[in-house]
Amino acid sequence: VMCGGVGVDRVPGLGHSGGGSTLLGYIGIDTIIEQMRKKTMKAGFDFNIMIVGHSGLGKSTLVNTLFKSQVSRWSSGWGSEHKIPKTVEIKAVSHVIEEGGVKMKLTVIDTPGFGDQINNENCWDPISKYINEQYEKFLKEEVNIARKKRIPDTRVHCCLYFISPTGHSLRQLDIEFMKHLSRVVNIIPVIAKSDTMTPDEKNEFKHRVRKELETHGIEYYPQNEFDDDMEDKNENDKIREAMPFAVVGSDKEFQVNGKRVLGRKTAWGVVEVENPNHCEFALLRDFLIRSHLQDLKEVTHNIHYETYRARRLNDNGGLHPISANNTQESNL
Ligand code: GDP
Ligand code: MG
């Protein structure tokens, strides 16, 4: 057989291509997929999503709509009992969601108070601090001599940034936030409460926001530079051209053509959240969960965390452990 060299020759699995060898039977390489599936099923996985935008933009409602449950504790009763915090707070809530035998530990990180102050200068500081603290936690576990078989992952895999549906332009704060944070976390900008705009207004606003993001050199997820190959690029180009998704969230059901659907009643009728002709919620959901969830985790690990790690170890003068003690109880 042709197994010389350093193993870069491709041996055809079944002998129907060149050589006419009959020795080549089924090896079973493809069962790795099934093996990985079983392990993933057993282990489950972490997914951590952060929501940012000023209060009342429908952040809590949208994550609840995305995950079809009350994953955000602060969903209802806004305005009555809640006060706007004086500074930005960071609140993480975790849930285990199971579907088809696969367990996902979902953590929603809410940032109440963001953008609600009169002076919003540096109000992304607590957010950026939180993101970096999770990288630090992970790093500490990683450089530990007796490290865990599986390091708990609290790193923020995705930051949904809610843009106000003003129809005008981005606010200075939107630009500043995304500029500062797009290098440390995967930012996915969305246009909030898009049922408050007409289709024309919506399209024009989307167009304008895209232009502004480009003008300010803001690289949101999926970043051009991280496309792996042409297939990736083509797929992601389509997504980038459709961003930012103009979304609608709701926890109310309506009867439409004999089916129960999530929606919102407006002057024009019921806006169906999951109907792609009504809004882009389904596009966001498919992108975020059904096609790019694993990639969000990989970009977080391979790019954002790696950047943090390299900087941190450099500052630390090489590969010394960051601290010998105090690392045991530091996770979660
Ligand atoms: P948060 O402060 O950003 O978490 O906003 P909430 O999710 O608590 O929602 C604030 C208010 O806006 C609530 O009364 C929601 O019912 C409403 N809301 C949420 N999503 C939407 C939406 O997509 N469109 C409209 N028109 N209202 C929404
Ligand atoms: Mg909320």
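**Exercise 1.** Which helices each supply at least two residues of the lining of the largest cavity?

*Solution.* The model is a predicted one, and a search of the whole structure finds one cavity of 30 Å³ or more. The space in this largest cavity comes to about 60 Å³. Its lining is made up of Tyr-221, Pro-222, Gln-223, Phe-226, Asp-227, Asp-232, Asn-236, Asp-295 and Val-299. Helix H6, which covers 230-242, and helix H8, which covers 293-315, are the ones that each contribute at least two residues to that lining. Sorted by class, the lining holds four nonpolar, two polar and three charged residues.

**Exercise 2.** Determine how helices H3 and H8 are oriented to one another, and describe their contact.

*Solution.* The axis of helix H3 (residues 125-143) and that of H8 come within 10 Å, crossing at roughly 75°. Because angles of 65 to 115 degrees count as roughly perpendicular, H3 is roughly perpendicular to H8. On the H3 side the contact involves Asn-132, Tyr-135, Glu-136, Phe-138, Leu-139 and Glu-142, while the residues on the H8 side include Thr-300, His-301, His-304, Tyr-305 and Tyr-308. Taken by class, the residues of this contact are six nonpolar, four polar and five charged.

Conventions
Residues numbered from 1 in each chain as written. Chains lettered and ligands numbered in written order. Predicted model: local features only at pLDDT ≥ 70, side-chain atom pairs only at ≥ 80, totals over all residues. Heavy atoms only, no water. 1 Å grid on protein atoms, 1.4 Å probe; cavity = no way out; pocket = protein on both sides within 12 Å on 5 of 7 lines; lining within 4 Å. Points joined across faces, edges and corners; volume = space filled by probe spheres on them. Helix = DSSP H or I, 4+ residues; strand = E, 2+ residues; numbered from the N terminus. Nonpolar A, V, L, I, M, F, W, Y, C, P; charged D, E, K, R; others polar. Axes fitted to C-alpha atoms, helices over the stretch in contact; angles between N-to-C directions. Parallel < 35°, antiparallel > 145°, perpendicular 65-115°, else oblique. Contact = heavy atoms within 4.5 Å.
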